[in-house]
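Here's a quick briefing to read alongside the structure.

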Amino acid sequence: MSTTDKYAFGMIGLGVMGRSLLLNMADHGFAVAGHDKDAGKVSSLNDEAGERKAKGFGDVKEFIQSLTTPRAIMMLVPAGKPVDSVIAELSPLLDKGDILIDGGNSLFTDTNRRVEELEAVGLHFFGMGVSGGEEGARKGPSMMPGGDKDAYAVMKPIFEAIAAKVDGVPCVTYIGPGASGHFVKMVHNGIEYGIMQLLAETYEVMKKGLGLDNDAMGKVFADWSEGRAQSFLLDITKDIFKYKAPGTEHLLIDDIKDEARAKGTGKWTSQSAMDLQAPIPTVDTAVAMRDLSKYKALRTKAAGIYSGAQAIDANADEFVEALEQAFYFTMIISYAQGMHMLANASVEYKYDLKLDEIAKIWRGGCIIRSKFLENIYGAYGKNPALEHLLLDADVAALVEAALPGIRKVLSAAVSAGIAMPAYAASLSYFDAFRSERMPSNLIQAQRDYFGAHTYELIGKEGTFHTQWVPKS
């Protein structure tokens, strides 16, 4: 294309994700432009574009001038201050009516602030969660746009064209007002944390408890990926158990340090859930275990003091069968906790979320896509007012059938000294959830005893306080 050509869409940030999304758009016939201060990334886009209608710019003003009006620009830069810096740089160069999209993993409260600030100067803004990694961005991601509905309507044809498709339906939909798009993506990432931790614990119990070798564990993950538990995360785990370290005859997984990193979205999910009083202990545990993994030196010292895990005395085939039930159960619980959090947020923040639509767009393109999302889509589709996923009759039947497996696996793991904290958190959540009467009455009595915080009585209106020990 010549330097005088105009482009329908612009991208700030030409890293792997930004470049892949632009090329995806160009593949679908859209003329697109990108900007990055890194000349190497600009060159990479131009080299990969070939004959496609895509061009990279190093100069931001030239980039802005190349776009058709009203301009539509997406930012794919690290969350936090970098987003504010880009907005501050772009705003003076834009005209009223132009559209800015934050496609990164921004904290939803930051998105709320930016919506208000940019609206005040006449710019349309929406935050959009994008899931699927490099491959998803290039071949079809799942996208969660929220904020300015009129601005999304302008971008809808492009996003529907590039999104992943399931049964011909694009995995993108308008989520809701304000920061709802980034909020939903944050919860998506929290569920992702939970399921990844569950898979790690599955690996742990097979390795330490059953003494299975890598080939045997890889076969288990491969078998499960063909069954009801099929998911993207299971599929990649299966592949990891096939990949040998270059130049060696052993798997790369055995060379990787057991110290997990995180970018913060799991922590944000836990913090936000506590603000909403929406319990998500599977996610909370996953965040905590990533943190604990970083204390390698302390763990090594403790391993020298305390006895280690023991083998599980069980038939391996029978135990793996129970383990599949247990994993399926905990995966359901992870999704259920996340959907309950979304339901609470929908009311608290007036997002008016359509949980069936969210489940529908998560079925393809995104990291937590799985066969079970069809069940979630169906549950909320037939009852949009469903208070909790575990109250759906079809889901309840799946949970009941899997309970013997989770109880068998956890009992054996605890006896053998093998840590399965996310499994345990999932089961304890369920057992508390199904309890008509919890022991919280004791907590209320204790709070009143030491702090005169009062309590409520069964069958009586009002609050009460007791002098628990007579004054001497």
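In this predicted model, helix 14 and helix 17 (residues 393–416) pack at an angle of about 125 degrees, so the two helices are oblique to each other. Their axes are 7 Å apart, and helix 14 passes helix 17 in a left-handed crossing.

**Helix 14 against helix 17**

- On the helix 14 side, the contact is made by Glu318, Phe319, Ala322, Leu323, Gln325, Ala326, Tyr328, Phe329, Thr330 and Ile332.
- Helix 17 brings in a set of residues including Val395, Leu398, Val399, Leu403, Pro404, Gly405, Ile406, Lys408 and Ala412.
- Sorted by type, the residues of this contact come out as 17 nonpolar, 3 polar and 2 charged.

**Helix 14 against helix 18**

- Helix 14 (residues 316–348) also packs with helix 18 (residues 421–433), at an angle of about 65 degrees and with the axes 9 Å apart.
- That angle makes helix 14 roughly perpendicular to helix 18.
- Here too the crossing is left-handed, with helix 14 passing helix 18.
- From helix 14, Leu323, Ala326, Phe327, Phe329, Thr330, Ile333, Gln337 and His340 take part, and they meet Tyr423, Ser426, Leu427, Tyr429 and Phe430 in helix 18.
- This contact divides into 9 nonpolar and 4 polar residues, with no charged ones.
- Leu323, Ala326, Phe329 and Thr330 turn up in the contact with helix 18 and also in the one with helix 17.

**Helix 9 against helix 10**

- Helix 9 (residues 214–225) and helix 10 pack at about 150 degrees, with their axes 8 Å apart.
- They are therefore roughly antiparallel to each other, and helix 9 passes helix 10 in a left-handed crossing.
- Phe221, Ala222, Trp224 and Ser225 in helix 9 meet Leu234, Asp235, Thr237 and Lys238 in helix 10.

**Backbone spots to check**

- A cis peptide bond links Thr69 to Pro70, with omega at about -5 degrees.
- Pro70 sits in the loop between helix 3 (60–65) and strand 4 (72–75).
- Gln277 has a phi near 55 degrees, which is a positive value in a residue other than glycine.
- You'll find Gln277 in the loop between helix 11 and helix 12 (281–293).

**What UniProt says**

- An unreviewed UniProt entry gives "domain: 6-phosphogluconate dehydrogenase C-terminal" for residues 181–469.
- That span is 64% helix and 0% strand, and its end C-alpha atoms lie 53 Å apart.
- The "active site" annotation, from the unreviewed UniProt entry, covers Lys185 and Glu192.
- Of this set, Lys185 is part of the lining of the largest cavity.
- Lys185 lies in helix 8 (residues 180–209).
- For "binding site", the unreviewed UniProt entry lists Asn105, Ser131, Gly132, Gly133, His188, Asn189, Tyr193, Lys263, Arg290, Arg447 and His453.
- Lys263 has its place in the loop between helix 10 (232–240) and helix 11 (265–276).

How values were computed
Residues numbered from 1 in each chain as written. Predicted model: local features only at pLDDT ≥ 70, side-chain atom pairs only at ≥ 80, totals over all residues. Heavy atoms only, no water. Axes fitted to C-alpha atoms, helices over the stretch in contact; angles between N-to-C directions. Helix = DSSP H or I, 4+ residues; strand = E, 2+ residues; numbered from the N terminus. Parallel < 35°, antiparallel > 145°, perpendicular 65-115°, else oblique. Left-handed = near helix turned anticlockwise from the far one by under 90°. Contact = heavy atoms within 4.5 Å. Nonpolar A, V, L, I, M, F, W, Y, C, P; charged D, E, K, R; others polar. UniProt positions renumbered as here; feature names shortened; annotations may be inferred. 1 Å grid on protein atoms, 1.4 Å probe; cavity = no way out; pocket = protein on both sides within 12 Å on 5 of 7 lines; lining within 4 Å.
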